[in-house]
Structures are given as structure tokens and as C-alpha cells.
Amino acid sequence: MITLTGATSRGTLASWSLPGAPGGVTLEQLAGMSETDIATLLAAHPELIDKLLTAQTPTQTAAWWQSLTLDQQHALVLGGSALIGALGGTQQWCASRRTASAPLSSV
């Protein structure tokens, strides 16, 4: 019989389900999560958004954002749109994506 008690079997959010957690989640850690995990974590701990908004400079955030794969960026936008839209360093990307997806008549 296999006991499913390890962090791996409980998913990405297992480390944030412990008493006293979270406190030190980083943007890099969020980038490794699925959109569902990101949304779940930020809904359960909205205070993390404020911490993450001040954790890096806009220049550092822009460099981090550009280092991500398109899949990681999409997961972050879909799971944490309030965070990503407010982060300094991602606005240019968000604005260019809105413009690119807008109908030509509205541009």
C-alpha cells in the first residue's frame, strides 16, 4: 500500500498548507505553478499580492517576465491577473498583448 502524504503527491500548494504558511512565496515559485494553483493560492492568501508587488524593482520584474516561457506567462496571467497587471515591468507586455488582440477597427 502506498501512502500519499508527501508534498509531491499533494501538489504544488502542499508547502503553503502548513501552519504559518505562506510568507516567502516568490515570483519564481509562482512561475512554476499551474494557473489553477496560482489562482487558488492568491485567493486563499490575498496578502501575498501586496508582498509580491514590492519584492522587486520594475526592471527586475521585466527581466524575470522576459525569462519565462509563453506557457508560464499565460498561466500567470490567467491565474494571477490582478497581480500581473499591477506589477511594474509587465505593463508593456500586457499593453502590447491587448493591442495585438484588439480588432483592427478599434486600434
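What follows is a short chat about one predicted model.

Biologist: What kind of model is this, and how are residues numbered?
Modeller: It is a predicted model, where local features need pLDDT of at least 70, side-chain atom pairs count only at pLDDT 80 or more, and totals for chains, interfaces and linings use all residues. Residues are numbered from 1 along each chain as its sequence is written, and side-chain values use heavy atoms, with hydrogens and water left out.

Biologist: How many helices and strands are in the chain?
Modeller: Eight helices and zero strands. The pattern along the sequence reads α-α-α-α-α-α-α-α. Helices (H or I, at least four residues) and strands (E, at least two) are DSSP runs, numbered from the N terminus.

Biologist: How much of the chain counts as buried?
Modeller: 31% of the 107 residues. Buried means under 20% relative accessible area, exposed over 50%, and partly exposed in between (1.4 Å probe, protein chains only).

Biologist: Which residues touch the most other members of the largest nonpolar core?
Modeller: L27, L30, I38, W64, L76 and L83, out of 19 residues in that core. A nonpolar core is a set of buried Ala, Val, Leu, Ile, Met, Phe, Trp, Tyr and Cys residues joined through side-chain atoms within 4.5 Å.

Biologist: Which elements give two or more residues to this core?
Modeller: α2 (27–31), α3 (35–44), α4 (47–53), α5, α6 and α7 (81–86).

Biologist: Pick L76. What is L76 in contact with?
Modeller: Leaving aside neighbours within four places in sequence, L76 is in contact with L30, A31, I38, W64, W65, L68, S81 and I84. Contact means heavy atoms within 4.5 Å.

Biologist: New topic. At what angle do α5 and α6 pack?
Modeller: About 120°, with the axes 8 Å apart. Helix α5 covers residues 58–67 and helix α6 covers residues 70–79. Axes are lines fitted to C-alpha atoms, for helices over the stretch in contact, and angles run from 0 to 180 degrees between N-to-C directions.

Biologist: What do you call that arrangement of α5 and α6?
Modeller: The two helices are oblique to each other. Angles under 35 degrees count as roughly parallel, over 145 as roughly antiparallel, 65 to 115 as roughly perpendicular and the rest as oblique.

Biologist: Which residues meet there?
Modeller: W64, W65 and Q66 in α5 meet Q73, L76 and V77 in α6. By class, that contact has four nonpolar, two polar and no charged residues. Ala, Val, Leu, Ile, Met, Phe, Trp, Tyr, Cys and Pro count as nonpolar, Asp, Glu, Lys and Arg as charged, and the others, Gly among them, as polar.

Biologist: Is Q73 buried or exposed?
Modeller: Q73 is buried, at 7% relative accessible area. Its C-alpha atom is 7.6 Å from that of A31, 42 residues apart along the chain.

Biologist: And L78, buried or exposed?
Modeller: L78 is in helix α6 and counts as exposed, at 57% relative accessibility.

Biologist: Now the loops. Where is L87?
Modeller: In the loop between α7 and α8 (91–101). L87 is buried, with a relative accessible area of 2%. Not counting residues up to four places away in sequence, L87 touches L27, L52, L53, T61 and W64.

Biologist: Where is S34?
Modeller: In the loop between α2 and α3. S34 is partly exposed, at 34% relative accessible area. The C-alpha atoms of S34 and A75 are separated by 5.9 Å, and these residues are 41 apart along the chain.
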